[in-house]
Amino acid sequence: MAGRLFAIVGPSGVGKDTLMGLARARRPDLRLVRRVITRDPQAGGEDFEPVTQADFARRLQAGAFALHWQAHGLSYGIPCQIDDWLDEGRDVLFNGSRAVLGRAMARYPGLRVLHVTARPETLARRLARRGRESAQDIAARLARADYALPAGLAVTRIDNDGPLEAAVAAMMAALYPERV
Ligand SMILES: Nc1ncnc2c1ncn2[C@@H]1O[C@H](COP(=O)(O)OP(=O)(O)O)[C@@H](O)[C@H]1O
Ligand SMILES: O=P(O)(O)OC[C@H]1O[C@H](OP(=O)(O)OP(=O)(O)O)[C@H](O)[C@@H]1O
């Protein structure tokens, strides 16, 4: 049986990576995608595979990515390995761009979207505390905060403006509705 593919999306600082880690801790069988990113290897934060722009371009050319996009001056790739996982019946969760969802749905018609939200002031506070980006980069990320999702997607909204526990519970219910 084919596995299910989930994209977690939402503005920078809303808690996507944090929620992914907590979901994985509760469901070790959930496959989290390790993204290929042209980001400084020392950047910290999520576990990603750092590559140069040239290496990214080579992999793209070779068809190594199931999905890819650009944002924040970086290139992001989702390795084709997710297709093997889905074929094996694994549920797969990746941190995606809201701007790639149209293409993602075209390739994966069963795609489910977890849209994490929080108030702009909450995002600003969290990004400043996370400390991975400069003030200028934070401002650019906040400017994308209200980017709209394309129509026609299976979307569950997850509010993460309050305590993490509430958002994790909502996320687990969205991932595994049969268990609630
Ligand atoms: N509900 C929450 N309450 C307080 N801090 C949170 C909450 N959710 C996430 N954070 C913190 O906000 C920051 C941004 O979270 P992160 O998971 O990196 O967001 P994203 O991946 O969406 O950019 C992190 O420092 C994280 O610990
Ligand atoms: O098109 P958008 O929906 O605005 O998303 C743009 C990018 O921002 C996030 O990446 P990243 O994890 O680098 O940033 P973040 O941790 O600050 O969210 C997200 O995963 C996308 O790759």
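Glutamine 70 sits opposite serine 75 of strand 6 (strands are DSSP E runs of at least two residues, helices H or I runs of at least four, both numbered from the N terminus). Everything here comes from a predicted model, where local features need pLDDT of at least 70 and side-chain atom pairs count only at pLDDT 80 or more, while totals for chains, interfaces and linings use all residues. Residues are numbered from 1 along each chain as its sequence is written, with chains lettered from A and ligands numbered from 1 in the order in which they are written.

Strand 6 (residues 74-79) runs antiparallel to strand 5, with six bridges joining them. They belong to an open sheet of four strands, ordered 4-3-6-5 with mixed pairing (strands pair if DSSP finds at least two bridges between them). Strand 4 (49-50) and strand 5 (65-71) are at the edges with a single partner strand each, so one side of each lacks a neighbour in the sheet.

Turning to the helices, the axes of helix 1 and helix 7 come within 10 Å and cross at roughly 65° (axes are lines fitted to C-alpha atoms, for helices over the stretch in contact, with angles from 0 to 180 degrees between N-to-C directions). Thr18, Leu19, Leu22, Ala23 and Arg26 of helix 1 meet a set in helix 7 that includes Leu164, Val168 and Met171 (contact puts C-beta atoms, placed from the backbone, within 7 Å).

Note on methods
Contact = placed C-beta atoms within 7 Å.
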